[in-house]
Amino acid sequence: MRTLVWFRGKELRIADHAPLAAALGDDEVIPVFVLDPYFFAPHRARELPHRMQFLLESLVALAKNLSRLGSQLLVVPGKSVEVIPRLCEQWRVDRVVSQRWTEPFARERDRQIALALRVPFDLFEGETLLAPADCRNGAGAPYSVFTPFARTFALKANQIGKPIPAPRVLPPLPVDMTLSDAVAIPCLADLGIPHNALLPRGGEAAARDRLRAFLRGPLDNYATSRDIPSLAATSGLSPDLKFGTMSPRTIWSAILKRHASSSAQESHSVFQKQLLWREFAHATLWHRPDLLKQPFRSEFRGFPWRDDPLGWRAWIDGLTGYPLVDAAARQLYAEGFVHNRARMVAASFLAKHLLIDFRRGEAHYMKYLVDGDWANNNMGWQWSAGTGCDAQPYFRVFNPTLQGQRFDPEGAYVKRWVPELAKMPAKFIHCPSEAPKEVLKRANVVLGTTYPLPCVNHAFARDRFLHTAEAHLRVTKSRGSMKQA
DNA sequence: TGAAATGTTGGGGCG
DNA sequence: ACGCCCCAACATTTC
C-alpha cells in the first residue's frame with residue numbers, strides 16, 4: 001500500500017497527526033505539500049506578510065522533522081485540484097490521507113479533489129477537539145448560544161482522545177519515484193517580505209516552548225490576568241492552532257494533566273472555555289457556511305453600513321483619537337497579533353461608532369493576523385458587530401474610554417503602541433481630549449498635531465448607532481412577520 | 001465578554 | 001428635635 005500524506009496549511013506537525021499515524025500502518029508513505037501559486041506569487045504573498053513568515057518557518061520545521069525520521073517532504077507547486085490527482089497517477093499512489101477542514105471553500109476544494117481522484121481520499125479529524133457536528137441540542141440542531149453549547153460539550157469531553165505521539169521513524173520515499181516536480185520551500189526574501197522579529201516563531205518546537213512557558217507561568221493566573229492587554233498573560237498559542245503546529249487536544253490534555261495537581265482550577269477552566277469558543281466558532285461555521293459572506297442573524301441583512309473613507313483610514317492607521325482603539329490597530333501591523341480585549345473594542349468601534357461594515361474589518365484582520373483563522377475571526381467580528389450568534393445585543397456599545405480605564409488603568413498598553421502619548425498621566429491617557437492644557441503641555445501632546453482629536457464624538461456615535469440599528473431592525477422584523485402571516 | 005439613565009436609600013448639613 | 005434637601009452609593013431599568 002502506498003499512501004500520500006497530504007500536509008496542508010492547518011496541520012503542519014508530526015505529533016498527534018491522525019493522517020500520518022494512519023499511513024504508518026501502510027508500507028509506503030509519501031509526504032506532500034502543495035504550493036498554490038495563487039498564494040505564493042510575490043504580489044499576493046506580500047499581502048499576507050505575517051502569516052507567510054509563520055507558515056514558511058513552520059513548513060521548514062516540518063520538512064526537517066520528516067527528514068530526521070527518514071522521510072522527505074515533497075513540495076510541489078500548482079493548484080491542488082490538479083496536482084494531487086496527477087501525482088497519484090504518476091507515483092501509482094493507492095490512497096490519499098489528510099485532515100478535515102471547516103471552511104466552506106476548503107470543503108468544496110476537498111469535494112472536487114475526491115471527484116478527481118481515482119483512489120480513496122480519507123479525511124481525518126484533528127482540527128477541533130470534537131468533530132464540528134458533534135454538539136447539538138435536544139432537537140438535533142446546532143447551538144446558537146455559547147453557554148448551552150459549552151454545557152453539552154462538557155458532557156462529551158470524555159470522548160476527546162489522547163494525543164497520538166509523533167512517529168519515531170518513517171519509511172523512506174519509494175525508490176521508483178521521479179521527484180522532478182518537487183521544488184525548494186521558498187524563503188521570505190524570495191517573496192520580497194522583510195523578516196519581522198516581533199512575530200512568534202513557527203514550527204512544532206516553538207509551539208512546545210510556548211505551551212511549556214504558558215503552563216509554568218501565566219496559566220494559573222489566567223482568570224484574572226487574561227483581560228489585561230498590557231500583560232503577557234495569554235497562551236500565545238493561537239497561531240499554533242491556526243497552522244496546526246500544535247493540535248488542540250495536545251493543549252487540552254496538557255491542561256487536564258496539570259489540573260489534577262494545581263490549586264488554580266478556576267483559571268484552568270477559564271482557559272478551557274477559550275478553547276471551547278474556538279470549538280463553537282468552528283461548529284457554527286460548519287453548520288452555516290454562508291457566515292463568511294452574511295450576518296448570522298438574517299435581520300441584519302441589508303444593514304445601512306456607511307462608506308466612510310476618512311473613518312476607515314483613521315481606524316486602520318490607528319489615528320481615531322481613541323487610544324485603546326489606536327493601540328490595537330498599531331499592534332496588529334507590528335506584531336500580527338492583537339490582545340483579545342483590544343480586538344473586541346476595536347471591532348465594536350469600527351462597526352458601531354463608525355458604522356462601517358464589519359466584513360471590511362474582518363478582512364483587514366485576516367490580512368494581518370498571524371493567527372487569522374476564518375472561523376474564529378468571523379465569530380469574533382460578528383459577535384462584536386452584534387450580527388452574530390450569541391452576539392452582544394445591538395444596544396450594548398463599548399465605551400472605548402471606559403474600557404481603557406478598566407482594563408488598562410495605567411495606560412501601559414496604550415503607551416507601548418501609541419508612543420506619542422507616553423508621557424500622559426494615567427488619569428487622561430484614555431481621554432487626552434479631556435486633559436487640561438497644562439497636562440497636555442507637560443506631556444508634549446498637541447491635540448490635532450502629535451495625536452488626533454477623537455474622529456467622532458462618543459455620545460453622538462453611540463446615539464447614531466442605536467437609532468440606525470433600531471430603525472433597521474424594526475423594518476426587517478416587520479418584514480419577517482409579514483412573511484409569516 | 002456594557003453603558004447610561006433612572007430610581008432608591010440613607011447619612012449628614014442646615015434652617 | 002425635626003423636617004427638608006443634597007447627593008453619594010448602590011440597585012434597577014432601559015437603550
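Predicted model: local features only at pLDDT ≥ 70, side-chain atom pairs only at ≥ 80, totals over all residues.

Trainee: At what angle do the axes of α14 and α15 cross?

Mentor: Roughly 110°, and the axes come within 9 Å. An angle of 65 to 115 degrees counts as roughly perpendicular, so α14 and α15 are roughly perpendicular to each other.

Trainee: New topic, α7. Which residues of α7 are buried?

Mentor: Phe146, Phe149 and Phe153 are the buried ones in α7, which runs over residues 146-156. They cover an arc of only 60° around the axis, so they sit on the same side of α7.

Trainee: And what is exposed on the other side of α7?

Mentor: Thr147, Arg151 and Leu155 are exposed there.

Trainee: What covers the buried residues of α7?

Mentor: The cover includes α12, residues 265-287.

Trainee: Which residues surround DNA strand B?

Mentor: Phe146 is one of them, and so is Trp277.

Trainee: How does the surface near DNA strand B split by class?

Mentor: It has 6 nonpolar, 3 polar and 1 charged residues.

Trainee: Back to α12. Is arginine 278 buried or exposed?

Mentor: Arginine 278 is found in helix α12. It counts as buried because it has 20 C-beta neighbours inside 10 Å. The cut-off for buried is 20 or more.

Trainee: What is arginine 278 in contact with, leaving aside its neighbours within four places in sequence?

Mentor: Leu241 and Asn376. For distance, take alanine 233, which is 45 residues from arginine 278 along the chain. Their C-alpha atoms are separated by 19 Å.

Trainee: Last one. Where does cysteine 389 lie?

Mentor: In the loop between α17 (374-385) and α18 (400-407).

Trainee: Why does cysteine 389 count as buried?

Mentor: Because it has 22 C-beta neighbours inside 10 Å. Not counting residues up to four places away in sequence, cysteine 389 touches Ser144, Thr284 and Phe296.

Trainee: How many residues apart in sequence are cysteine 389 and asparagine 378?

Mentor: They are 11 residues apart, and 11 Å apart in space, C-alpha to C-alpha.

Notes: Residues numbered from 1 in each chain as written. Chains lettered and ligands numbered in written order. Buried ≥ 20, exposed ≤ 12 C-beta atoms within 10 Å, placed from the backbone. Helix = DSSP H or I, 4+ residues; strand = E, 2+ residues; numbered from the N terminus. Arc of directions from axis to C-beta. Contact = placed C-beta atoms within 7 Å. Axes fitted to C-alpha atoms, helices over the stretch in contact; angles between N-to-C directions. Parallel < 35°, antiparallel > 145°, perpendicular 65-115°, else oblique. Near = placed C-beta within 6 Å. Nonpolar A, V, L, I, M, F, W, Y, C, P; charged D, E, K, R; others polar.
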